[in-house]
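Open the model in your viewer and keep the sequence panel beside it. We will go from stop to stop, selecting a few residues each time.

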Amino acid sequence: MTEFGDVLAGRRSVRRFRPEPVPRDVLMKILAAGSWAPSPTNRQGWEFAAVYSDSLKKEMADAARGAWDDACAKAGGISGTVSEYAGNFVWFADAPVVIVVSARRPEGFMQSLFGGDAGTVSGSGTAAAMAAQNIMLAAHAEGIGTCCLTGPLAAGDRLKKIAGVGGRFEIVCLVALGYPAETPAAPERKPVDDYTRIIDDER
Ligand SMILES: Cc1cc2nc3c(=O)[nH]c(=O)nc-3n(C[C@H](O)[C@H](O)[C@H](O)COP(=O)(O)O)c2cc1C
């Protein structure tokens, strides 16, 4: 577990990047690591859109800001806090690459069998999140920083249009990616006993 454990524990969410571009071949190698994630019946029902375009990244961040502004307008007394918080969801415009990670929607028959639970049962979103983690770890192993974001999905439909995500897919997260300009300290982790229950026959 040592070397692998070091890679796992050493990955940090990076939010400030050096301006140098991420070469396409390096990016493709990192994205290929996504394919080693497990998926239901190995369907690999994910799709990655790697956005290098500065204007599209800005459009995406503006859409996220707009969605959060709308939410703030509805938030009444807490709108100031929410508005401040929204800064966490727009900084990705300055990342060299933003990967839009999407998952195939459940098939119609799954929806008729399981209704609102179809997505959970079909597992495509879960698998795509696992692929995203593979991507983040592979990037880290290459000396490239990443940060997963879901806050911008407040503008999910707009982001789908901007990134050209097809109607059969839903965005699961964004992954901002580039050469790190910061070395964040590791946020503390809960001890394993705090979030684990062992269920055995012995009481
Ligand atoms: C599903 C998910 C959504 C996240 N969304 C955001 C986000 O919208 N904005 C952001 O700046 N960071 C986001 N993060 C990064 C977390 O803040 C970060 O993972 C956490 O603070 C732990 O830090 P570490 O990744 O360096 O260990 C997200 C992480 C995950 C896994």
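For the first stop you need the meaning of a patch: patches are made of residues with over 30% relative accessible area and no salt bridge, where like charges are joined within 9 Å and nonpolar side chains (Val, Leu, Ile, Met, Phe, Trp, Tyr) within 5 Å. Accessible areas come from the Shrake-Rupley method with a 1.4 Å probe, and for residues only the protein chains shown count as cover. A salt bridge is a side-chain nitrogen of Lys or Arg within 4 Å of a carboxyl oxygen of Asp or Glu.

Two notes before you click. This is a predicted model, in which local features need pLDDT of at least 70 and side-chain atom pairs count only at pLDDT 80 or more, while totals for chains, interfaces and linings use all residues. Residues are numbered from 1 along each chain as its sequence is written, and side-chain values use heavy atoms, with hydrogens and water left out.

**Stop 1: a nonpolar patch**

Select Phe 109, Leu 113, Phe 114 and Val 121, which make a nonpolar surface patch of about 420 Å². Helix α5, residues 108–114, gives the most to the patch, with three residues. Helices here are DSSP runs (H or I, at least four residues), as are strands (E, at least two), and they are numbered from the N terminus. Now pick out Phe 114, found in helix α5. Phe 114 counts as partly exposed because its relative accessibility is 39%; the scale is buried under 20% relative accessible area, exposed over 50% and partly exposed in between (1.4 Å probe, protein chains only).

**Stop 2: the cores**

In soluble globular proteins, nonpolar side chains tend to be buried together. A nonpolar core is a set of buried Ala, Val, Leu, Ile, Met, Phe, Trp, Tyr and Cys residues joined through side-chain atoms within 4.5 Å. Select Met 60, Trp 91, Phe 92, Val 100, Leu 159, Leu 174 and Ala 176: of the 26 residues in the largest nonpolar core, these touch the most other members. Which elements give two or more residues to this core? Colour β1 (46–51), α3 (54–74), β2 (97–104), β3 (145–149), α8 (156–163) and β4 (169–178) to see them. Helix α3 gives the most, with five residues.

Next, centre on Phe 92. Leaving aside neighbours within four places in sequence, Phe 92 is in contact (heavy atoms within 4.5 Å) with Lys 57, Met 60, Ala 61, Val 98, Leu 149, Pro 152, Leu 174 and Ala 176. Apart from this core lies another, of 25 residues, including Ala 33, Ala 127, Ala 132 and Leu 177.

**Stop 3: salt bridges**

How many salt bridges does a search of the whole structure find? The search finds nine.

- Select Asp 54 and Lys 57, whose side chains meet in a salt bridge (3.1 Å, N to O). Both lie in helix α3, three residues apart, about one turn of the helix. Asp 54 is exposed, with a relative accessible area of 58%, whereas Lys 57 is buried at 2%.
- Move on to Arg 158 and Glu 59, which form a salt bridge with the closest N and O atoms 3.7 Å apart. Arg 158 lies in helix α8 and Glu 59 in helix α3, so the pair ties together parts that are 99 residues apart in sequence. Arg 158 is partly exposed at 41% relative accessibility, and Glu 59 is partly exposed too, at 36%.
- Then show Arg 168 and Glu 107, joined by a salt bridge (3.6 Å, N to O). Arg 168 is in the loop between α8 and β4 and Glu 107 in the loop between β2 and α5, 61 residues apart.
- Finally, select Arg 105, Lys 160 and Glu 170, which are linked in a network of salt bridges.

**Stop 4: a buried arginine**

Find Arg 11 in the loop between α1 (2–10) and α2 (24–34). Arg 11 is buried yet has no salt bridge, and the nearest side chain of opposite charge, Glu 182, is 11 Å away. For charge, Lys and Arg count as positive and Asp and Glu as negative; His and the chain ends are not counted. Not counting residues up to four places away in sequence, Arg 11 touches Gln 133, Met 136, Leu 137, His 140 and Arg 189.

**Stop 5: Leu 153**

End at Leu 153, in the loop between β3 and α8. Leu 153 is partly exposed, with a relative accessible area of 22%. Leu 153 and Ile 171 are 18 residues apart in sequence and 7.5 Å apart in space, C-alpha to C-alpha.
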